[in-house]
Amino acid sequence: MKVLVYSAKDFEIKNLEKSNGNKHKIKFVPDALNSTTAVMAAGYDAISIFSNDDASLVVLEILKEMGVKYISLRSTGYNNVSVKSAKRIGLKVANAPEYSPHAIAEHAVGLLLALNRKLILSNEQVHRYNFLLDDLIGFDLNGKTVGIFGTGRIGSNLVRIFHAFGCKVVATDIHRSQYLINHYDVEYLPLEELCKRSDIISINTPLTYETHHIFNEPLFKAMKSEAILINTARGGIVKTDDIILALKQGDIGGYVTDVYEHERDLFFKDNSKKGIQDEQLQELISLPNVLLTPHQAFATKEALVRIAETTIYNLDCWEEGRTCKNELGFETIML
């Protein structure tokens, strides 16, 4: 099968080549998929895309005209793909689920600890030989209430981690996990009630029509003034204007995030020379109670190997006419 890999990054190519083992004829291009670059797929049976590639209806129609039959995502989330449209026009789409629930959960906790314990500021001070502690006071996690919005694979891992810290865990999800209730004493609550009771809130749910901007001004007003919000899911779940205002007004204590609502044309690029024109992002990262990382939560050695293996598995299934367990229909998959 001839495969074009869009948004190919140096750190993932070696793993993809190793997993492929010369089975498929793969070409790697750094270009992101969009309505302009879709024509590059002419003559290819399949393409592989990343989370910030554009696979909307217009792009899918171009791919179909180019002869593409299959799309294998190198990500779990697929809010960038019009799955229903793909199914309607005869394109098969599969994602890479379960590749890094531990990596993302661990990164979420790392972000929280870094902001709470002022690790970035502390490191900067020490490099200036400033060893004062006045601005480095945090709080214990032990005894705090942590709200988990979405108890899928990542959320469940966070339940275990925070339970080990000695936290009381509450959660919101349309599907309640009896296992988490029985083993970790998780209490399921409506989202607004979760926000009112939690000292720390972690977002671990897909970006869908229902979750888009679900974290907005009313929820921020409901939160404790010292609450910290963690987002390792998708930027669009949080309304950026509203959280900037909430942080500036002191409605919440802090925001740690690995994603940004308008990251598509910014992330996974070195913008250090030309800078960025996104004033909203500039303001967000300028706030002292914000810590943002560039969508790196998934980036561990183990996760990259699993992404590559799953990507090639999906292609193998289609070429051999086997059922692909990762093929997407109309269902929603928890992160």
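Guide: Rings of Phe, Tyr and Trp (its six-membered ring) pair if their centres lie within 6.5 Å; planes under 30 degrees apart are stacked, over 60 edge-to-face, the rest tilted. This is a predicted model, so local features need pLDDT of at least 70 and side-chain atom pairs 80 or more, while totals for chains, interfaces and linings use all residues. Numbering runs from 1 along each chain as its sequence is written, and side-chain values use heavy atoms, without hydrogens or water.

Let us start with the rings. Searching the whole structure gives five aromatic pairs. One of them joins Phe 50 and Phe 268, in an edge-to-face arrangement with 5.2 Å from centre to centre and 80° between the planes. Helices (H or I, at least four residues) and strands (E, at least two) are DSSP runs, numbered from the N terminus.

Buried means under 20% relative accessible area, exposed over 50%, partly exposed in between (1.4 Å probe, protein chains only).

Most residues other than glycine have a negative phi. Asn 22, although not a glycine, has a positive phi of about 70°. Its place is the loop between helix H1 (10-20) and strand S2 (25-28), and Asn 22 is classed as exposed because its relative accessible area is 75%. Tyr 129 is not a glycine either, yet has a positive phi of about 60°. You will find Tyr 129 in the loop between helix H5 (119-127) and strand S6 (145-149); with 69% relative accessibility, Tyr 129 also counts as exposed.

S6 is mostly covered, with five of its five residues buried. Thr 145, Gly 147 and Phe 149 are buried on one side, and Val 146 and Ile 148 are buried on the other. In a regular strand the side chains alternate between the two faces of the sheet.

Strand S7 (residues 168-172) pairs with S6 over five bridges in the parallel sense, and strands pair if DSSP finds at least two bridges. Val 146 stands opposite Val 169 in S7.

Stepping back, this is an open sheet of seven strands with parallel pairing, in the order S8-S7-S6-S9-S10-S11-S12. Its edges are strand S8 (187-188) and strand S12 (290-292), each of which pairs on one side only. Further along the order, strand S9 (residues 200-203) and strand S10 (residues 228-231) run parallel and are joined by four bridges. There, Ile 201 has Leu 229 in S10 as its bridge partner.

Finally, a wider view. Residues 109-297 are 35% helix and 14% strand, and their end C-alpha atoms lie 11 Å apart. Over residues 3-327 the chain is 38% helix and 14% strand, with 17 Å between the end C-alpha atoms.
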